[in-house]
Amino acid sequence: MPDLEELWYDLNRQPVHAFADWPNREIPKGKPGVYLIYWGVRLIYVGMAQKNLLGRLTQHVRGNRSGDQFCVYLGDRLVMPKLGIDQMKDLFSGELSLDHEIKKFVRSQLSYRYLLVQDDPTARALEAHGLQVAKGQGAELLNSI
């Protein structure tokens, strides 16, 4: 197993990319990886992809809550609380799609950095390590251990 501290350091030194610029053609298909998602400068999520980092980040950009726990967290904790009364009424009536609002939020408000890793066990271990480190530093993450 690679040194998790070294990998965590490497991940935090990667360039930050705006989801507004998606897709990122630099991310190869079918590779495992770990990623950090930011709202402004605030770290809000540590995630990983076992086999396909590009596919995982693409799921997040789409904003669909079905099958994507990140989008569920985002919708519940950051998007819905910012909706006004009229938007909430439209949401309840079906005139407004929460998935659409999540997609807009991801593309306009969030950024990410990523690190490709050698395999699924490394991705899992680095994500767990990153969650512990970030929480230990006081980060209020959407996901937790």
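This is a predicted model: local features need pLDDT of at least 70, side-chain atom pairs count only at pLDDT 80 or more; totals for chains, interfaces and linings use all residues.
I started with His17 and listed what lies in contact with His17 beyond its neighbours within four places in sequence: Asn24, Glu26, Ser111, Tyr112 and Tyr114.

I then checked where His17 sits, and found it in strand 1, residues 17-18. Is His17 buried or exposed? His17 comes out at 15% relative accessibility, so it counts as buried, the cut-off being under 20%.

Next I turned to strand 2, residues 33-39. I found it mostly covered, with 6 of its 7 residues buried. Which strands does it pair with? I found strand 3 (residues 42-49), antiparallel over 7 bridges, and strand 4 (residues 110-116), antiparallel over 7 bridges as well.

I looked up a bridge partner for each pairing. Tyr35 stands opposite Gly47 in strand 3, and Val34 has Leu115 as its partner in strand 4.

I also looked at the turn. The hairpin of strand 2 and strand 3 has 2 residues between the strands, and Gly40 takes a positive phi there, near 70°.

Last, the helices. I looked at how helix 2 (residues 53-62) meets helix 5 (residues 98-109): their axes come within 7 Å and cross at roughly 115°. Which residues make the contact? From helix 2 I noted His60, Val61 and Arg62; from helix 5, Asp99, Lys103, Val106 and Arg107. Sorting the residues of this contact, I got 4 charged, 2 nonpolar and 1 polar.

Key. Residues are numbered from 1 along each chain as its sequence is written. Side-chain values use heavy atoms; hydrogens and water are left out. Helices (H or I, at least four residues) and strands (E, at least two) are DSSP runs, numbered from the N terminus. Buried means under 20% relative accessible area, exposed over 50%, partly exposed in between (1.4 Å probe, protein chains only). Contact means heavy atoms within 4.5 Å. Axes are lines fitted to C-alpha atoms, for helices over the stretch in contact, and angles run from 0 to 180 degrees between N-to-C directions. Ala, Val, Leu, Ile, Met, Phe, Trp, Tyr, Cys and Pro count as nonpolar, Asp, Glu, Lys and Arg as charged, and the others, Gly among them, as polar. Two strands pair if DSSP finds at least two bridges between them.
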